[in-house]
Amino acid sequence: MRILMIGDLVGRPGRQAVQKYLPDLRREHDIELVVANGENSAAGFGITPKVVKELLAAGVDVISSGNHIWDNKDMMPHMDDETPVLRPLNYPKAAPGRGAVMAKGALVVSLQGRTFMPVQIDDPFMAMDTLLADLSEQPRAIVIDFHAEATSEKGALAWYVDGRVAGVVGTHTHVATADARVLPKGTAFVTDLGMCGAIDSIIGSDPGPVLERFLTGVPVRLNVASGPSRFNSVLIETDDATGLAVSIRRVDCADTE
């Protein structure tokens with residue numbers, strides 16, 4: 001099975017990058033499942049039903065998320081319906097939505113880290129243990145989007161589930177890392193997918209307000225940057241017989257116009 005995992009989409013430039021590159025990538029690489037992190041896809045904060053439809057029409061199958069999933073209240077009524085948008089699995093059970101979904105025979109999981117993150121949530125390691133223990137049948141593959149700040153926490157989770165899932169990909173920092181590999185027991189891992197967003201930016205945001213924050217210490221609303229975009233992702237190939245990874249490689253594109 002070939003699974004494309006796409007990094008954090010930041011506003012309109014991120015969505016446009018998906019619309020531009022994804023259709024050709026699906027055909028070129030015979031991709032069966034596409035997962036994208038959409039928690040910043042609506043004007044940089046949260047996601048809306050309109051944006052969800054836009055991403056599904058572009059070829060995304062499942063939309064994962066993280067700490068910004070609650071930023072746009074328009075999405076809240078749809079978190080418990082069949083819309084393939086995930087909130088992190090390790091939020092309290094009383095939270096709306098779900099943290100995992102079956103798609104194309106694979107189980108897609110959204111998890112959120114706790115180190116340096118603003119929200120107090122449940123242990124992602126134990127949440128994953130519970131999910132795996134409760135599976136009634138083995139999916140073709142299991143992939144995890146681990147939305148976390150600390151690189152060590154991302155690596156720790158990947159090693160913790162090595163041999164039990166096909167892939168663990170990190171999101172949240174919006175900076176693509178060069179460490180994609182298959183761990184010894186068959187789990188593909190990369191510390192961070194990167195982002196789909198404006199190239200001339202600070203992790204997708206207009207540099208001006210970001211600099212003002214750092215130089216003054218005063219809270220300033222950030223704006224999504226504009227201009228040419230980059231598209232960051234990894235392609236994971238799995239073995240249907242084992243459900244584990246055969247390979248992982250970066251698939252990165254950028255506007256040159």
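Leaving aside its neighbours within four places in sequence, with which residues is I203 in contact? Select I203 together with V10, T173, H174, V175 and M195, which are its contacts beyond those neighbours; contact here means heavy atoms within 4.5 Å.

The structure is a predicted model, in which local features need pLDDT of at least 70, side-chain atom pairs count only at pLDDT 80 or more, and totals for chains, interfaces and linings use all residues. Residues are numbered from 1 along each chain as its sequence is written, and side-chain values use heavy atoms, with hydrogens and water left out.

**Stop 1**

I203 lies in the loop between strand 11 and helix 5. Helices (H or I, at least four residues) and strands (E, at least two) are DSSP runs, numbered from the N terminus. I203 counts as partly exposed because its relative accessibility is 43%; buried means under 20% relative accessible area, exposed over 50%, and partly exposed in between (1.4 Å probe, protein chains only). For a sense of distance, display K53 as well: the C-alpha atoms of I203 and K53 are 24 Å apart, and the two residues are separated by 150 residues in sequence.

Next, select I202, which is found in the loop between strand 11 (195–198) and helix 5 (207–216). With a relative accessibility of 32%, I202 is also partly exposed.

Now extend the selection to V175, I202, I203, L211, F214 and L215, and show the surface. These residues form a nonpolar patch with about 640 Å² of accessible area together. Patches are made of residues with over 30% relative accessible area and no salt bridge; like charges are joined within 9 Å, and nonpolar side chains (Val, Leu, Ile, Met, Phe, Trp, Tyr) within 5 Å. Accessible areas come from the Shrake-Rupley method with a 1.4 Å probe, and for residues only the protein chains shown count as cover.

**Stop 2: helix 3**

Select residues 124–133, which make up helix 3. Its buried residues are P124, F125, A127, M128, L131 and L132. They lie on the same side of helix 3 because they cover an arc of only 165 degrees around the axis, the arc being that of the directions from the helix axis to the C-beta atoms.

At the start of helix 3, look at D123: one of its side-chain oxygens comes within 2.8 Å of the backbone nitrogen of F125.

**Stop 3: S110**

Is S110 buried or exposed? S110 counts as buried, at 0% relative accessibility. Not counting residues up to four places away in sequence, S110 touches S64, S65, L86, R87, P88, L89, G99 and D145.

**Stop 4**

The whole structure contains 12 salt bridges, each defined as a side-chain nitrogen of Lys or Arg within 4 Å of a carboxyl oxygen of Asp or Glu.

Select R15 and E54, a salt bridge whose closest N and O atoms are 2.9 Å apart. R15 lies in helix 1 (residues 11–29) and E54 in helix 2 (residues 49–58), so the pair ties together parts that are 39 residues apart in sequence. R15 is buried, with a relative accessible area of 6%, whereas E54 is partly exposed at 22%.

Then select D255 and K20, a salt bridge with 3.1 Å between the closest N and O atoms. This pair links distant parts of the chain, 235 residues apart: D255 is in the segment after strand 15 (253–254), and K20 is in helix 1. D255 counts as buried at 19% relative accessibility, while K20 is partly exposed at 38%.

**Stop 5: the network around D61**

Finally, select R26, D61 and K104, which are linked in a network of salt bridges. The closest N and O atoms of D61 and K104 are 3.4 Å apart. D61 is in the loop between helix 2 and strand 4 (62–64), K104 is in the loop between strand 5 and strand 6, and the two are 43 residues apart. D61 is buried, with a relative accessible area of 19%, and K104 is partly exposed at 44%.

A polar contact of 3.2 Å joins the side chains of D61 and R26. A polar contact is a pair of N or O atoms within 3.5 Å; within protein, one must be able to donate a hydrogen and the other to accept it, and residues adjacent in sequence count only if both atoms are side-chain atoms. A polar atom of the D61 side chain also lies 2.8 Å from the backbone nitrogen of V34. To complete the view, display the contacts of D61 beyond its neighbours within four places in sequence: R26, E32, L33, V34, L56, P84 and K104.
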